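Reader: Could you take me through a model step by step, giving the general idea of each feature before the case at hand?

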Amino acid sequence: MAGEKRKGCGMKFPPQIDPVTGRFMVSEGEEHIKESVYLILTTQKTERLKRPEFGSDTMSGVFMETSKTKLHIFERRLEEAVLSQEPGIRALKIEASLPDAEGALFIRAEYSVKESGRKGQVEIRHGGGTG
């Protein structure tokens, strides 16, 4: 079964080496889904040369106009990107906000795993100061 590609698994993120085998560690199931949602939201489209369609336009939100309408459109675009690239989730709600003057964009993605029905969540902060 070596080299067999399994559905719903991939290299652990961030990458880690198994101290026993010396190979990259793998994540599966709900852990893999959470890592996948995180990667989709933090990878800018066209960033990956071999998969330019992978990712989302999250960074465009850092500099966007902050009206409720624009924010809602941005949230729907992110939801569409995640749902089209992660087949392991069935429901997704993304909330984005620009709560301070530092230019930070906060994103919360809440999702439901298809297989188990369990809920998961990913939170991301883009830009702004670290202070």
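Author: What follows goes from the overall layout to a helix pair, then to charged side chains and one glycine. Please keep in mind throughout that this is a predicted model.

Reader: Let me begin with the overall layout: how many helices and strands does the protein have, and in what order do the elements run from the N terminus on?

Author: The protein has 2 helices and 5 strands, and, read from the N terminus on, the elements follow the order β-β-α-α-β-β-β. Of the 131 residues in the protein, 34% are buried. As for contacts with a separation of 6 or more, 34% of them are between residues 24 or more positions apart.

Reader: How should I read the packing of two helices, and at what angle do the axes of α1 and α2 cross?

Author: Two packed helices are described by the angle between their axes together with the distance between those axes. Here the axes of helix α1, residues 29-42, and helix α2, residues 68-85, come within 10 Å and cross at roughly 130°. With that angle, α1 is oblique to α2, and the crossing in which α1 passes α2 is right-handed.

Reader: Which residues of α1 meet which residues of α2?

Author: From α1 the residues are V37, I40 and L41, and they meet L78, A81, V82 and Q85 of α2. Sorted by class, this contact of α1 with α2 has 6 nonpolar residues and 1 polar residue, with no charged residues.

Reader: Turning to charged side chains, how many salt bridges does the count come to?

Author: Side chains of opposite charge can pair when their charged atoms come close. In this protein the count comes to 7 salt bridges. Among them is a network of salt bridges that links K12, E31 and E35.

Reader: Which salt bridges does R76 make, and at what N to O distances?

Author: The side chain of R76 meets that of E75 in a salt bridge at 3.9 Å, N to O, and the side chain of R76 also meets that of E79 in a salt bridge at 2.7 Å, N to O. R76 and E79 are 3 residues apart in helix α2, so about one helical turn separates them.

Reader: What distance does the salt bridge of R51 and E53 have, and how accessible are R51 and E53?

Author: The side chains of R51 and E53 meet in a salt bridge at 3.8 Å, N to O. R51 is partly exposed, with a relative accessible area of 40%, and E53 is partly exposed as well, with a relative accessible area of 49%.

Reader: Finally, where is G8 found, and which residues is G8 in contact with beyond its neighbours within four places in sequence?

Author: G8 is found in the segment before β1, which covers residues 9-11, and with a relative accessibility of 37% G8 counts as partly exposed. Once its neighbours within four places in sequence are left aside, G8 is in contact with S27, E28, G29 and H32. A separate comparison of sequence and space can be made with G88: G8 and G88 are 80 residues apart in sequence, and their C-alpha atoms are 7.5 Å apart in space.

Technical notes:
Residues are numbered from 1 along each chain as its sequence is written. This is a predicted model: local features need pLDDT of at least 70, side-chain atom pairs count only at pLDDT 80 or more; totals for chains, interfaces and linings use all residues. Side-chain values use heavy atoms; hydrogens and water are left out. Axes are lines fitted to C-alpha atoms, for helices over the stretch in contact, and angles run from 0 to 180 degrees between N-to-C directions. Angles under 35 degrees count as roughly parallel, over 145 as roughly antiparallel, 65 to 115 as roughly perpendicular and the rest as oblique. A crossing is left-handed if the near helix is turned anticlockwise from the far one by less than a right angle, and right-handed if clockwise. Contact means heavy atoms within 4.5 Å. Ala, Val, Leu, Ile, Met, Phe, Trp, Tyr, Cys and Pro count as nonpolar, Asp, Glu, Lys and Arg as charged, and the others, Gly among them, as polar. A salt bridge is a side-chain nitrogen of Lys or Arg within 4 Å of a carboxyl oxygen of Asp or Glu. Buried means under 20% relative accessible area, exposed over 50%, partly exposed in between (1.4 Å probe, protein chains only).
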